[in-house]
Amino acid sequence: MSRKFFGTDGVRGRVGQEPITPEFVLKLGYCAGKVLSRADVAPPHRDRPAVLIGKDTRISGYMLESALESGLSAAGVDTLLVGPMPTPAVAFLTRALRLSAGVMISASHNPFEDNGIKFFSADGMKLPDAVESEIEALLDSPMALPASSAQLGKAERVHDAEGRYLEFCKGTFPKSLTLRGLKLVVDCAHGANYRVGIRVFQELGAEVVAVGSQPNGININDGVGATVPKSLAKAVVEHNADFGIAFDGDGDRLAMADRDGTVFDGDQLLFAMVKDRQARGRLRGGVVGTLMTNFALEKRLGEMGIPFHRAKVGDRYVLECLVERGWECGGENSGHLLCLDRHSTGDAIISALQVLAAVVGAKQGLKDYTHDLTLLPQVLVNVKLKGKPDLQSAPIRDAISRAEADLAGRGRVLLRPSGTEPVVRVMVDGEDRAHVQQLAEKIAEAVRVASVIPA
C-alpha cells in the first residue's frame, strides 16, 4: 500500500503546511491512538492505553504536543509528557514504563521551520511499515468521541524522565573504565540532548566543554551539531580537547572528532565499536550497513571474518535486518548507529559511550584505533527537485551507466530519493576523489534537468 504521509522516519514537513498543522496532528493522534491501543498491537499493562510524548526544542513543539495530546485523549488514550528529551529516551521510557507506544515530536537534523512525528512501539522500536499504514488508512475516517466523557484520556507529566534515562545511558559504559582525565567537547545542536547529553559524560568523570546547549526554539541545528562536523572539529582544537562528540537535534545521530580535529563519520565509528567487541569476544553475528555504507568498511570487515549485509537506507531498515538475523551492531554513515545489546534503537549518547569505551580501553585516539580502515573517497550530492523526475528515464540511466563503466568495478554508484525531503541523493565512491566528484556531478545534472522537464 502506498503511503501519502509516512516517510522513512515518520511524518515530517514544514510547520503550517500539511501534514504539519495542528488540525492534521490532532487527527493523526486520534488515529494512532486507535491503532496503537489495540491489544494485538500493544498489549495493555494499565487500566487503559497510555502513550508517552517527547519533543525536541523547536518552538513549534508546544503547539504540536497540545494537538497530539488532544487527539490521543479523544481516542481514549492517556498521555505521559516528558518535555524536551532525545528520541532514544522516548523509546527507552516507553519500554521501561510499559506503555502502549511512544511518540517523538521532531524533524531530527532539519531546521527549526520543519517538524515531524515519529512513533515507537511498546517494545521501544520504530513502528513497522504495516502499522504506520494502518494509522494512515484511518485518516480518511471521521473521529468518533467516546460515548461518555469519562472515557476520554488524561494527561500527566513524568517528572523523573531525565534521571531515568541518564542512569540507563551511564549503565552502558563499562564499570571498569572511567572518563576521568579526559576533556570532551560535547555539541548538543541546541537540541533535545542539551541537558542530559552534557550530564552523562560529566557524571562518568569527564571535563566537558558544552557547545550548542542553549536552545531558544529557533536555533536547533543552526551551524552546530552532527551535521556540521567542521564546527565540532574547530572547537576540539580550540579547547585542546581529547575528543569531540556531536549530536543532531533529536539525539539519534552521532559524529566524533579526535584531538587534532579529524572528524569520524558513522562508518568509522561503527568500525570502532565492532572492532572492540570482536577483540573482547562479544561480537554477536555480523554487521548491517546500508546502500550508502562505504565499500571499504564492507571489505575490511570481510578481512576480519565478519559477515556484512546492506539494508535500505534508514535506521529502521538496519534495525529490521539486525533483528531478522539475530545480530546486534549496525548503522549508517550519517551517524545513526545501533547496538541492540545496549538499546532497542539508535542512540547517539550510547553510541558515543561505546566508542569511548573502545578507545579508552585501548589507550588510543580514534585515528590510531581505526588506522586499519581507510575509507574510499565518497561524494554525496543532494539534488533539490523542482518537479518529480523519472529516475528510470534514459538520460539518467545513461549517466549512471557511463559512470559505472568508468569506475570499472572499483567503486559504486547509488541514486535514491530522500524519504523526508524533496531531494534526490547521488552517491559515488571510488579510488580518486576528483574523479568521483566529477562523475557525481554529471549524474546530478541529469537529475536536475529531468526534474524541470514536464512528465
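Predicted model: local features only at pLDDT ≥ 70, side-chain atom pairs only at ≥ 80, totals over all residues.
Let me begin with the largest nonpolar core, which has 70 residues, and in which Leu179, Leu184, Phe201 and Leu356 touch the most other members. By a nonpolar core I mean a set of buried Ala, Val, Leu, Ile, Met, Phe, Trp, Tyr and Cys residues joined through side-chain atoms within 4.5 Å, where buried means under 20% relative accessible area, exposed means over 50%, and partly exposed lies in between, with a 1.4 Å probe and protein chains only. Helix α11, residues 348–362, gives the most to this core, with 11 residues. Apart from this core lies another, of 31 residues, among them Tyr30, Leu36, Ala67 and Ala74. As general background, nonpolar side chains in soluble globular proteins tend to be buried together.

Residues are numbered from 1 along each chain as its sequence is written, and side-chain values use heavy atoms, with hydrogens and water left out. Helices (H or I, at least four residues) and strands (E, at least two) are DSSP runs numbered from the N terminus, and contact means heavy atoms within 4.5 Å.

Let us stay with Leu356. Not counting residues up to four places away in sequence, Leu356 touches Phe173, Leu179, Leu184, Phe201, Phe243, Ile245, Met256 and Gly361. Phe201 brings us to helix α6, residues 196–203, whose buried residues are Val196, Gly197, Ile198, Val200 and Phe201. What do the buried residues of α6 pack against? They pack against α5 (161–170), β8 (183–187), β9 (207–211), β10 (243–247) and α11. Just after α6, Gly205 takes a positive phi of about 110°.

The contact is made by Glu162, Tyr165, Leu166, Glu167, Cys169 and Lys170 of α5 together with Val196, Arg199, Val200 and Glu203 of α6. By class, this contact has 5 nonpolar, no polar and 5 charged residues, where Ala, Val, Leu, Ile, Met, Phe, Trp, Tyr, Cys and Pro count as nonpolar, Asp, Glu, Lys and Arg as charged, and the others, Gly among them, as polar.

Helix α5 also meets helix α3, residues 87–96, and here the axes come within 10 Å and cross at roughly 95°, so that α3 and α5 are roughly perpendicular to each other. Pro88, Ala89, Phe92, Leu93 and Arg95 in α3 meet Ala161, Arg164, Tyr165 and Phe168 in α5, and the contact has 7 nonpolar, no polar and 2 charged residues. Gly163 is also placed in helix α5, and at 32% relative accessibility it counts as partly exposed.

Turning to another helix pair, the axes of α1 (residues 22–36) and α2 (residues 60–74) come within 7 Å and cross at roughly 40°, and these helices are therefore oblique to each other. Pro22, Val25, Leu26, Gly29, Tyr30 and Gly33 in α1 meet Met63, Leu64, Ala67, Leu68, Ser70, Gly71, Leu72 and Ala74 in α2. The residues of this contact divide into 10 nonpolar, 4 polar and no charged.

In the loop between β2 (10–14) and α1 lies Pro19, and the peptide bond from Glu18 to Pro19 is cis, with omega near 15°.

Leaving aside neighbours within four places in sequence, Gly54 is in contact with Val82, Gly83, Val90, Val103, Met104 and Ile105.

I will end with two loop residues. Asn240, in the loop between α7 (229–238) and β10, has a phi near 50°, a positive value in a residue other than glycine, and is exposed, with a relative accessible area of 54%. Lys363, in the loop between α11 and α12 (366–369), has a positive phi of about 55° although it is not a glycine, and at 76% relative accessibility Lys363 counts as exposed.

How values were computed: Axes fitted to C-alpha atoms, helices over the stretch in contact; angles between N-to-C directions. Parallel < 35°, antiparallel > 145°, perpendicular 65-115°, else oblique.
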